[in-house]
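Here's a quick briefing on a two-chain model, for anyone who wants the geometry before setting anything up. Have a look at the structure first, then read on.

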Amino acid sequence: MKLTLGYFTCSFALPLLMAAAFTTGARADGETIAVFTKNQTNPFFQTVRVGADNMAKSLNAKTLQYIPTKPDSIPEQLSQIEDVVVKKPSAIVFTPVDYKAMVPGVEKINEAKIPVVNITDRSAGGKFLSFVGADDYSLGLETARFLLKTLGGKGNIVIIEGVKGSLTNVDRVRGFNDALKEAPGAKLLASQPGNYQRLQALQVMENLMQSNSQIDGVLAANDAMAVGAIEALDGANRKAQVIGINGTKEAIDAIKSGKLLASGDYNGFAQGCLGTMMAVRSLRGQPVISEIVLKPTVITKDNYQPFDLPLEQRTCPTFEDAGKLGAK
Amino acid sequence: MTDITKEAMMPPRSFLSQDAIQLFYRLLAALLICAVLAVLSDSFLSLGNILNVLRQASLTFFIASGLTLVVLTAGLDLSVGANVALSACIAGTVIHKTGSPALGILTGLACGGIVGLLNGIMVTALRIPSFIATYGMLWVLNGLTYWYMAGETLHGFPAGFRQIGSGYLFGLPIPVYLLLVFLGIGTLFAQRTIWGQEIYAIGANPVAARLSGIPVARRLLLVYAVSGTMAGLASIIFLSRLNSAEADIGESLTLPAIAAVLIGGTSLFGGVGTVFGTFIGALILTLVLNGMNLLSVSANWQPLVTGIIVILAVWLDMKTRRRAQ
């Protein structure tokens, strides 16, 4: 019984594993860059991956993508690191699924002497060649400032928060609140959780409209929630200025059609490009920039055009551009 | 089947009346929450807010109603949320590609139903415990959906299609009509048909059910297919209400649906519970979140309060059930 079961498992598992190995197998020529992102569900990380692929191709290197099958899974990313240390890629471009919990993983990479670049979320520890990221706080601050400027510095505002306690949410909401402090004429009615989910944001907005007859502005911590809030407003035939964060394709379409006021671009594409560029440059003995914090762009109806291109058609910034975009 | 065997399979009357007592307690709990919220918030009892709550509860209810039948057979369907996500993404693509909402709706329902049927086949033909089979299915569906969507979102659907989830008819939101229809169908099916009673019998004692001539495998297949089809329906409502689909919607839908079934008094051990109870369960969950939004309860406290309410509801249920016995 045991034998047949074992045979059964092998005959199923082996071909599957082999198929998986073939599809992800590395080419022998050029450097191999392992790119770690947090999940396969957030469009943001798709832009990071396309940026990394784009840059690698132009430098004649090759990427290997590592994505946890369960979104943001700490144990899964840890075991992917263990796999990659055995596989020994030329370099790693790394986004920790959790900036604190993944420190032991980064230490494993350091021990294996594989050069590593940190992108998106700044790791709380470990040694990195370079950091490339955007600043959630200034994204929150600048998008909220834009909303308040549009409203003439006054009005009733609600905040729809992301996942409580997540690094991105803490900083974005802090930025929102600091912008509100600059506008004494504006009144914060409520700051309620939408957990980065469209449906939850829609329902929160429906509920808030019941107790607040006048809402002028909505600050949502990501685009999906902003669009959810707009659906709720439309459903109730009410109008408010709404902003989101991330600059997703959906947000760009909503800005074009006038439904969304603005979205803060987190610049995932440039993060993927520049992270990979720094990794390859260091392998080739060229100078790297040790820290790039990209300045936030508030995407509005006046400047959305460059963001309206399909990802494949966008071009990576050059090394010279990197300095201008936010090198420290 | 003769009338005598039909009669023999009906549960004893005292059993039904116990369910009635449980329903009464549950309604009382929901009314109590309403009373507290009405005192604390001026806007709670407004017509607009009541319609809000019903519309918001409907999505959870659609998923949870089919799930109730599965739990009645002492099974569990952990794949419902992932099923909603895949069905929504596929139905959305069909609508985009063909421009036909009708075709999209049929595809969504079919996709949900086929997934349910596959769950049923794993549970009956392969004899995999439902918890494991549907957990495996959850991963398969997530994998398919993530791969298919590749981090993109689908959005923008025809105005006519949007009416299903966002429209009104005689002042009531359309999902509320659907809620009433499926509440009626579900209750009649479970309480007043032979198939429904056979499902209770399978949950109460599968061996006795088989020995008394109930085609257990066929009924289980039906139950999982219904659960999947209801997930397909939920995916259509989701699409038309949110005007978009993305790969990660499933995770936030599964646990509330399971919670609604349990708060509604359906036993995880099978054989006990009602579809109406599940409706009250979905209502209680929605009321709590709605109330906290109206009262501007801090984002930190909302998950905590929801958790406590779920535990309290199930504990009270066990307590009253023991007393009733």
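Strands E6 (residues 154-161) and E8 (residues 217-220) of chain A run parallel and are joined by 4 bridges. Strands and helices here are DSSP runs, E with at least two residues for strands and H or I with at least four for helices, numbered from the N terminus. This is a predicted model, where local features need pLDDT of at least 70 and side-chain atom pairs need 80 or more, while totals for chains, interfaces and linings use all residues. Residues count from 1 along each chain as written, chains are lettered from A and ligands numbered from 1 in written order, and side-chain values use heavy atoms, with hydrogens and water left out.

**The sheet in chain A**
- The open sheet has 6 strands in the order E7-E6-E8-E9-E10-E12 (chain A), with mixed pairing; strands pair if DSSP finds at least two bridges between them.
- E7 and E12 (297-299) of chain A sit at the edges, each pairing on one side only.

**Where the chains meet**
- Chain A puts 32 residues into the contact and chain B puts in 38, contact being heavy atoms within 4.5 Å.
- About 3,100 Å² is buried between chain A and chain B, with carbon and sulfur atoms giving 48% of that; buried area is the accessible area (1.4 Å probe) that two parts lose on being put together, summed over both.
- On the chain A side, Arg198(A), Asn207(A) and Gln210(A) lose the most area to chain B, together 19% of what that side buries.

- Arg198(A) pairs with Glu246(B) in a salt bridge whose closest N and O atoms are 2.9 Å apart.
- Several elements of chain A, including H2 (43-58), E7 (185-193) and H7 (198-211), each supply at least two residues to the side that touches chain B.
- H7(A) gives the most to that side, with 11 residues.

**Salt bridges overall**
- Over all chains, the count comes to 20 salt bridges.
- One of them joins Arg284(A) to Glu31(A), with the closest N and O atoms 3.0 Å apart.
- That pair links distant parts of the chain, 253 residues apart: Arg284(A) is in the loop between H10 (268-283) and E11 (291-294), and Glu31(A) in the loop between H1 (2-24) and E1 (32-36).

How values were computed
Salt bridge = Lys/Arg side-chain N within 4 Å of Asp/Glu carboxyl O.
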